[in-house]
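Subject: Structure handover

Hello,

Here is the structure for you to look over. My notes come after it.

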Amino acid sequence: MSQLDLLQSRIEGGGRLSADEALWLYRTAPTWWLGRMADLVRRRKHPDGIVTYIIDRNVNYTNVCVARCNFCAFYRPVGHGEGYVLGFEEIFRKIDETIGLGGVQLLLQGGHNPDLPLAWYEDLFRAVKQRYPAFKLHALSPPEVVHISRMSKLAVPDVIARLVDAGLDSIPGGGAEILVDRVRRLLNCYGKASADEWLDVMRHAHHAGLRTTATMMYGTVETDEERLEHMMRLRALQDETGGFTAFIAWSYQPEHTERGGREATGIEYLRTLALARLVLDNFDNLQASWVTQGGKVGQLSLAFGANDMGSVMIEENVVRAAGAAYCMDEVEIVRNVEDAGLVPKRRTMHYEILGDPIFRQREVPRQLELATAREAGDTSVPAELVNYEARSAAGKRQRTQPRSPVA
Ligand code: SF4
C-alpha cells in the first residue's frame with residue numbers, strides 16, 4: 001500500500017493525521033486528491049449539503065493603531081490626519097442599515113488605539129444592546145483584548161468578564177496570522193500578542209462560555225512546517241475546550257503594505273484549505289474566503305472542504321486597503337452555492353440555521369459595492385470622545401479641541 005493509499009484509508013475511516021503526515025500530503029499529494037479527501041470530510045460533517053452564510057457587517061471602529069504590523073495597509077499611526085474613531089451614532093446608523101438588509105450582527109474590530117479606554121468599549125456595547133437587544137456583537141480579536149488588558153491593567157479574564165457583562169457575544173479569530181513566534185517577530189506582530197497570548201485569550205473566552213472563530217493568514221514568511229504548527233496548535237486548543245465554531249484561512253494581501261511582496265495563488269489557497277479540512281478534524285465549519293480569493297475561487301472552496309460562505313459582508317475596510325475589493329451580496333452568494341449543487345441557508349455566529357435566503361422572503365436592496373467605514377474626507381470627531389481619557393499627546397490635544405480631526 002502506498003503512503004497516499006494508507007492516508008486515504010485513515011481519512012476515510014475518520015482517523016487523525018499527524019503533523020508530519022499532513023506536511024507530507026501538503027507537499028506531495030495531487031491537488032485533486034486533497035480536494036476529494038477534504039470534500040469527503042465536509043460531506044461526512046454536513047451530510048445534508050447545507051452551505052451556510054451570515055448577513056453581518058465588518059465595522060472597524062478605529063484605524064488608529066500602535067501595533068504597526070508590517071503586513072497591514074489599514075492602520076494609521078497615532079496623530080495621522082487620516083486616523084478616525086467612529087462615533088456611537090455612526091455605529092447605530094450602520095446597525096440600522098444592517099438590520100434593513102436582514103443582518104443579525106456586527107463584526108466589530110479595530111486598531112490598537114491608545115486613546116480608547118475600556119470604558120469606551122463598555123459604554124458602546126451597552127448602548128448597542130439597549131437599542132438593539134437581539135442584535136449580536138462579534139467583537140474584539142484576541143490582540144485587541146490583550147491591548148485593552150495592558151491599558152487597563154486588568155487580567156485578560158477580567159477584561160473578558162467586563163466586556164461580556166456589557167454585551168459582548170463572541171470573539172472573532174483575527175490577529176492570529178501564524179501562531180509561531182518566529183513568524184510573528186518577522187511580521188512585527190509579536191508585540192501585539194505572542195502565539196501563546198492569542199491562544200490564551202481564546203482559552204479564557206471559551207472558559208467564560210463564549211464561542212469564537214480561528215483564523216490563519218498565510219503566505220508571508222512562514223515555512224510549510226510553521227503553517228502546520230499553526231493548525232496543530234488550534235487543533236490542540238479545540239481538543240481542550242471545544243470552543244471554536246469555525247476556521248477561516250486567507251492569503252496575505254500585499255498591496256500598500258510595508259512588507260510588500262506577492263499574493264499566494266488560487267491553487268495554494270485551495271490546497272491550504274483542503275489541508276486544514278483534513279487536519280482540523282475537531283472543527284465543524286470551514287469558511288470560504290471569497291473576500292480575498294474572489295467569488296470564483298470562493299465557490300471552488302466548496303469542493304475543497306468549505307461548508308460556509310462566511311459573511312455577506314455589507315462593509316469591509318481591512319483587506320480592501322491591501323488591494324482586495326471583491327463584493328458579493330446575498331443574491332450572488334446564493335447563486336454560487338446553488339450552482340455548486342448545495343443548499344444555502346442563513347445562520348447565526350453560532351451556526352444555528354436561521355432560514356432560507358432573506359431576499360426570497362422579502363424585498364431587500366441589491367448591494368453591488370461594499371460600504372466603507374467613512375466617506376472619504378470625513379474627519380469629524382465624535383462628540384462623546386471628550387468623556388474618555390486619552391493617553392497619547394495627540395489624543396489629549398484632540399480631546400481639548402473636539403472639532404479638529406482625530407489625531
Ligand atoms: S493588523 Fe491590526 S494590530 Fe496590526 S497594524 Fe493593522 S490594525 Fe493594527
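Predicted model: local features only at pLDDT ≥ 70, side-chain atom pairs only at ≥ 80, totals over all residues.

Numbering runs from 1 along each chain as its sequence is written, and side-chain values use heavy atoms, with hydrogens and water left out.

Ligand first. The residues around it (a heavy atom within 4 Å) are Cys-65, Ala-67, Arg-68, Cys-69, Phe-71, Cys-72, Tyr-75, Gly-111, His-112 and Lys-192. The shell divides into six nonpolar, two polar and two charged residues. Here Ala, Val, Leu, Ile, Met, Phe, Trp, Tyr, Cys and Pro count as nonpolar, Asp, Glu, Lys and Arg as charged, and the others, Gly among them, as polar.

Next, backbone. Glu-177 is not a glycine, yet has a positive phi of about 45 degrees. Its place is the loop between β5 (170–171) and α8 (181–186). Helices (H or I, at least four residues) and strands (E, at least two) are DSSP runs, numbered from the N terminus. Glu-177 is buried, at 4% relative accessible area. Buried means under 20%, exposed over 50%, partly exposed in between (1.4 Å probe, protein chains only).

Tyr-351 also is not a glycine and has a positive phi, about 65 degrees. It lies in the loop between β10 (343–347) and β11 (353–355). Tyr-351 is buried too, at 13%.

Last, Thr-245. It sits in strand β7 (residues 244–251) and is buried at 3% relative accessibility. Leaving aside neighbours within four places in sequence, Thr-245 is in contact (heavy atoms within 4.5 Å) with Arg-211, Thr-212, Thr-213, Asp-284, Asn-285, Met-349 and Tyr-351.

Best regards
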